[in-house]
Amino acid sequence: MAQSCIFCQIAPKFMSVFWRNLGFFVTLRQNSEEMETNIIGREEEKRQLNNYIGSQRSEFVAIYGRRRIGKTFLVKEMFEGRFTFRMTGKEKADTKEQLNNFQYALSDFGAETAQPADWSEAFRMLSQHIERLGTGEPKILFFDELPWLDSTGSHFVDALEYFWNDWAYYRNDIKLIVCGSATSWMLSHVINARGGLHNRVTHQINLTPFTLRETELYFQSRNFPYERPEIMECYMAVGGVAYYLSLFEADKSVSQNIEALFFRRNAKLKGEFGKIYKSLFKRAEKHIAIVTALAKKGSGMTRLEITERLHAANNGNLSTQLRELEECEFIRSFVPFGKTKKNTMYQLIDPFTLFHFRFLEGQANFPTDYWPKLQLTPTYSNWCGYAFEILCLNHIEQIVSGLGIDGMLNTPCSWTYRPTKAVLESEDADEDLKKGAQIDLLIDRSDKTINLCEMKYAQSEYEITKDYDAYMQQRVNVFRKVTGTRKTLVPVYITPFGLKNNMYSRRLPRQVTADALF
């Protein structure tokens with residue numbers, strides 16, 4: 001009977017807490033769904049952030065990615081109106097000004113404080129403010145442009161370490177989200193930190209450019225009349241960077257927009273190339289030198305080739321620079337078919353950077369209507385062919401899905417063969433082996449099959465001629481003889497509009513069109 005009375009006493013309190021918390025999480029989900037309606041794509045990132053906010057422990061989430069990619073927009077759209085504290089670092093401001101801005105931000109969230117003397121005092125003020133709010137709801141703290149807060153001699157990182165390690169970590173309701181475009185700083189001082197923040201980040205999100213599908217959704221949400229061919233043309237020039245897409249105007253064609261953004265006097269994106277790299281990397285000249293070298297060899301370069309081209313040391317600094325460029329998806333690394341990791345290749349795959357080197361590098365002024373006129377020349381056609389290959393390399397997952405092989409283990413890579421002098425001079429050598437061959441994309445599958453992908457740009461159905469079919473067969477033969485593979489070799493054409501129906505296209509068991517890339 002006594003036990004029953006105790007239960008009667010605690011049950012109402014327990015149920016009250018239960019329903020209050022349940023009501024909070026229902027409201028949390030409703031608010032989240034309302035906020036997310038303005039966010040294009042980013043489905044995985046939204047799912048992750050919602051899970052982190054709803055977890056039963058304190059979270060330290062680091063979001064990084066290249067300039068203009070939409071990091072701030074994502075966080076603000078998801079959590080606007082639910083922040084416990086939010087501030088943005090100011091570029092090139094000293095510690096006093098940053099602390100002054102901290103005071104203003106804290107007062108905006110209801111705290112009556114004086115300007116802190118240093119960052120240790122600032123974080124102590126923040127923790128005291130949070131403690132006055134009580135427990136229950138998650139406390140979402142958002143520090144945007146975190147690297148800018150770490151001004152010279154500020155000891156900001158030390159104070160942040162102490163705040164998290166000594167206080168926030170031991171609660172279960174602190175949701176600390178930090179953002180920064182300076183990728184090198186975020187990686188070295190937060191994500192891969194060796195000091196007090198070592199392994200303290202509970203989650204990291206590398207926000208990458210939009211895919212073609214997300215780019216299409218973006219334009220549709222803003223009532224652009226663009227069809228998929230125009231969207232591909234846009235993507236081949238600027239990639240999937242949200243800010244660049246936001247500069248397009250719906251009453252202009254893609255061609256007119258590209259002309260206005262790059263080739264007119266006072267064009268908005270004319271000087272963007274330098275700004276990107278300088279905002280991301282502390283010593284940007286090293287990164288720029290690497291992408292400049294890679295731009296001159298479209299198929300990619302090994303580390304040794306890069307060091308020889310740049311007259312640079314093959315050391316840890318180069319490893320860091322390559323890793324940072326890959327994190328921002330300016331380049332990709334891959335091991336060529338039949339090679340080992342020491343033969344890793346690095347290839348420039350950022351559409352915007354490639355567009356810069358092809359048309360803008362070293363150019364100050366352009367004639368009127370430069371881009372529309374250029375589209376009538378072989379220069380434009382050649383660019384389209386190469387830019388389409390890069391677009392495909394940025395959508396390998398979609399190609400795999402289009403081939404219907406996404407349920408197995410697939411290894412995308414490339415392959416190049418150059419005959420040696422001995423082979424060329426030998427009278428007994430196989431004639432096929434006297435001819436070089438290159439395959440820019442092959443997909444090595446776990447079902448003992450290899451897809452040899454041919455990426456061909458065309459403004460209508462692509463026609464495989466008798467000569468080109470013979471050329472493809474010759475490459476298949478060379479590949480088999482050089483590699484000695486016993487796997488089944490299946491050529492695949494990837495084209496915007498598919499293949500023209502003829503005897504050569506009918507031999508192919510599978511093809512991939514632009515629709516699959518979306």
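Tutor: In this predicted model, Arg200 lies over the face of Tyr169, at 5.5 Å from the ring centre. A charge counts as sitting over a ring if CZ of Arg is within 6 Å of the ring centre and within 35 degrees of the ring normal. Arg68 is likewise placed over a ring face, that of Tyr243, with 3.9 Å to the ring centre.

Tyr243 also belongs to an aromatic cluster, whose other members include Tyr244, Phe262, Phe263, Phe352, Trp371 and Trp383.

Turning to ring pairs, the count comes to 50 aromatic pairs. In one of them, the ring centres of Phe262 and Phe352 are 5.9 Å apart and the planes meet at 40°, so the pair is tilted, as planes under 30 degrees apart would count as stacked and those over 60 as edge-to-face. This pair links distant parts of the chain: Phe262 is in helix H12 (residues 254-263) and Phe352 in helix H17 (residues 351-360), 90 residues apart. Phe262 is buried, its relative accessible area being 0%, and Phe352 is buried with a value of 1%.

Tyr462 and Tyr468 form an edge-to-face pair, because their planes stand at 80° with ring centres 6.4 Å apart; the pairing limit is 6.5 Å. Buried means under 20% relative accessible area, so Tyr462, at 15%, is buried, and Tyr468, at 17%, is buried.

Conventions
Residues numbered from 1 in each chain as written. Predicted model: local features only at pLDDT ≥ 70, side-chain atom pairs only at ≥ 80, totals over all residues. Heavy atoms only, no water. Phe/Tyr/Trp six-rings, centres within 6.5 Å; stacked < 30°, edge-to-face > 60°. Helix = DSSP H or I, 4+ residues; strand = E, 2+ residues; numbered from the N terminus. Buried < 20%, exposed > 50% of the residue type's maximum accessible area, 1.4 Å probe, protein only.
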